[in-house]
Amino acid sequence: MTYGAYAFDDKGYDFSLFETTRGTAVPKEAPKKKRVHRNRNNIIELPEIQVDKSQRKKHNVASLVIGGIITAILVFAVSTVIVGQARLTELNEQVAEAERTLAHSQSIGTQTQAKVEAVLSAASVEEYAVNNLNMVKANSRQKEYISLSQGDKAEIYMEEEKTVFDEIGAFFSSLWS
């Protein structure tokens with residue numbers, strides 16, 4: 001049948017089933033499929049040779065060795081990282097302890113320096129010298145200036161061998177002084 005410009009042969013839906021014509025045609029029944037009897041337990045029996053082959057796993061020696069080596073490398077790497085982190089933590093704790101000790105030592109050093117400056121200030125030294133030691137400041141008459149314009153000199157004194165006469169002379173000269 002054709003409706004308009006479209007032909008409905010085997011494509012799409014069969015609209016002929018929905019037509020309202022009365023006829024004596026008997027609807028077609030779909031052919032029945034034959035039932036296949038299956039074993040209800042779904043058990044497949046295999047000969048013993050095939051059973052043995054399917055149960056055995058084939059291990060490749062090379063893949064086992066490579067897998068073992070890779071596993072050993074990974075275990076070594078992970079353990080190295082763990083040990084490194086533990087050592088790093090210990091070193092950080094030692095650094096923190098050293099910094100605390102340094103800060104404490106610097107505090108004690110600052111306190112000691114303040115005490116020394118308080119005791120040995122210029123004013124306190126001058127006061128001690130004037131009051132306890134009866135010292136006075138030097139005036140301009142007591143100051144002597146030396147000149148080094150002639151350059152540097154070096155003199156080496158060597159002890160001469162003394163004779164008996166030199167010692168007798170030294171003895172009498174010591175009596176006179």
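This report describes the fold, the confidence, the charged and aromatic pairs and selected local features of a predicted model.

## Overall architecture

The protein contains four helices and two strands. Their order along the sequence is β-β-α-α-α-α. Among the helices, helix 2 covers residues 61-119, helix 3 covers residues 122-131, and helix 4 covers residues 164-176.

Of the 177 residues in the protein, 1% are buried. The accessible surface amounts to about 19,000 Å², and carbon and sulfur atoms account for 59% of that area.

## Confidence of the prediction

The mean pLDDT of the protein is 78, and 67% of the residues reach a score of at least 70. Confidence is highest in helix 2, with a mean of 94. The lowest value belongs to strand 1 (residues 2-3), where the mean is 52.

Side chains of opposite charge can pair when their charged atoms come close. Three salt bridges are found in a search of the whole structure. One of them joins E90 to R87, with 3.3 Å between the closest N and O atoms. Both E90 and R87 belong to helix 2, where they stand three residues apart, about one turn of the helix. E90 has a relative accessible area of 42%, so it is classed as partly exposed. R87 is likewise partly exposed, because its relative accessible area is 44%.

Another salt bridge connects E97 with R100, and here the closest N and O atoms are 2.6 Å apart. E97 and R100 are three residues apart in helix 2, which means that about one helical turn separates them. The relative accessibility of E97 is 41%, and the residue therefore counts as partly exposed.

E126 forms a salt bridge with K137, the closest N and O atoms lying 3.6 Å apart. This pair links distant parts of the chain: E126 is in helix 3, whereas K137 is in the loop between helix 3 and helix 4, 11 residues apart. E126 is partly exposed because its relative accessible area is 40%. K137, at 65% relative accessibility, passes the 50% cut-off and so counts as exposed.

Most residues other than glycine have a negative phi. N134 is not a glycine, yet its phi is positive, at about 55°. The relative accessibility of N134 is 64%, so this residue is exposed.

S124 is located in helix 3. When neighbours within four places in sequence are set aside, S124 is in contact with A118 and V119.

## Aromatic pair and nonpolar patch

A pair of aromatic rings is described by the distance of the centres and the angle of the planes. The structure contains one aromatic pair. F171 is partly exposed, since its relative accessibility is 49%. F172 is also partly exposed, because its relative accessible area is 44%.

F171 and F172 both contribute to a nonpolar surface patch of about 900 Å². The patch also includes V164, F165, I168, L175 and W176. I168 lies in helix 4. With a relative accessible area of 40%, I168 is therefore classed as partly exposed.

Technical notes. Residues are numbered from 1 along each chain as its sequence is written. This is a predicted model: local features need pLDDT of at least 70, side-chain atom pairs count only at pLDDT 80 or more; totals for chains, interfaces and linings use all residues. Side-chain values use heavy atoms; hydrogens and water are left out. Rings of Phe, Tyr and Trp (its six-membered ring) pair if their centres lie within 6.5 Å; planes under 30 degrees apart count as stacked, over 60 as edge-to-face and the rest as tilted. Buried means under 20% relative accessible area, exposed over 50%, partly exposed in between (1.4 Å probe, protein chains only). Patches are made of residues with over 30% relative accessible area and no salt bridge: like charges are joined within 9 Å, nonpolar side chains (Val, Leu, Ile, Met, Phe, Trp, Tyr) within 5 Å. Accessible areas come from the Shrake-Rupley method with a 1.4 Å probe; for residues, only the protein chains shown count as cover. A salt bridge is a side-chain nitrogen of Lys or Arg within 4 Å of a carboxyl oxygen of Asp or Glu. Contact means heavy atoms within 4.5 Å. pLDDT is the predictor's confidence in each residue, from 0 to 100.
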